[in-house]
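Please examine the sequence and the structure before reading on.

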Amino acid sequence: MSAEWRPALAASIVLRRDRVRDRDLLVMPERVVVLNAEAGRILRLCDGSRTADQIVGELAQDFPGAPVADDVGAFLDRVRDEGWLR
């Protein structure tokens, strides 16, 4: 994960809230992914305005003592490899 990378959802992907399930969804061509609360929160911060380090810092403030840098960094790398982030 590059410190200066500003993650944003790929153009073909929409993050949407399913009010019936009370869950966030990633809506893609021919596929929908139901996200857990943590993944939804992280991806909501991926709007292209924050660097990956800023996203980690923001979450670290909310979860002191948690291994946020490692966990969030690994998650962002994984979803970028999936093609969900640019």
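Predicted model: local features only at pLDDT ≥ 70, side-chain atom pairs only at ≥ 80, totals over all residues.

Q: Is D24 buried or exposed?
A: D24 belongs to strand β2. Its relative accessible area is 6%. Residues under 20% count as buried. D24 is therefore buried.

Q: At what distance does the side chain of D24 make a polar contact with the side chain of R44?
A: The side chain of D24 makes a polar contact with that of R17 at 3.3 Å. R17 and R44 are both among the residues in contact with D24 when neighbours within four places in sequence are left aside. For the side chains of D24 and R44, the polar contact is at 2.7 Å.

Q: Which residue has a side chain joined to the side chain of D18 by a polar contact of 2.9 Å?
A: D18 is found in strand β1 and is buried, with a relative accessible area of 14%. A polar atom of its side chain lies 2.9 Å from the backbone nitrogen of V20. Contacts of D18 beyond four places in sequence are with R23 and L25. The side-chain partner of D18 in the polar contact of 2.9 Å is R21.

Q: How are R80 and D77 placed in helix α3, and about how many helical turns separate them?
A: R80 and D77 form a salt bridge, with their closest N and O atoms 3.3 Å apart. R80 is partly exposed at 31% relative accessible area, and D77 is likewise partly exposed, at 24%. The two residues lie three apart in helix α3, which spans residues 68–81, so their separation is about one helical turn.

Q: How many salt bridges does a search of the whole structure find?
A: Among the salt bridges is the one between R50 and D47, whose closest N and O atoms are 3.1 Å apart. D47 is partly exposed, with a relative accessible area of 45%. The search of the whole structure gives a total of eight.

Q: Against which elements do the buried residues of α1 pack?
A: Helix α1 covers residues 37–45, and its buried residues are A39, G40, I42, L43 and L45. At the start of α1, a side-chain oxygen of N36 comes within 3.2 Å of the backbone nitrogen of E38. The buried residues of α1 pack against β1, β2, α2 and α3.

Q: Within what arc do the buried residues of α2 fall, seen down the axis of the helix?
A: The buried residues in α2 are A52, I55, V56 and L59. They line one face of the helix because, seen down its axis, they fall within an arc of 95 degrees.

Q: Against which helices do the buried residues of α2 pack?
A: Helix α2 spans residues 52–62, and it is among the elements against which the buried residues of α1 pack. From the side of α2, the buried residues pack against α1 and α3.

Q: How far apart in space are Q54 and E4, C-alpha to C-alpha?
A: Q54 is located in helix α2 and is partly exposed, with a relative accessible area of 43%. Its side chain reaches the backbone nitrogen of T51 at 2.7 Å, and beyond four places in sequence Q54 touches R6 and S49. Q54 and E4 are 50 residues apart in sequence, while their C-alpha separation is 9.2 Å.

How values were computed:
Residues numbered from 1 in each chain as written. Heavy atoms only, no water. Salt bridge = Lys/Arg side-chain N within 4 Å of Asp/Glu carboxyl O. Buried < 20%, exposed > 50% of the residue type's maximum accessible area, 1.4 Å probe, protein only. Helix = DSSP H or I, 4+ residues; strand = E, 2+ residues; numbered from the N terminus. Contact = heavy atoms within 4.5 Å. Polar contact = N/O pair within 3.5 Å; in protein donor to acceptor, adjacent residues only side chain to side chain. Arc of directions from axis to C-beta.
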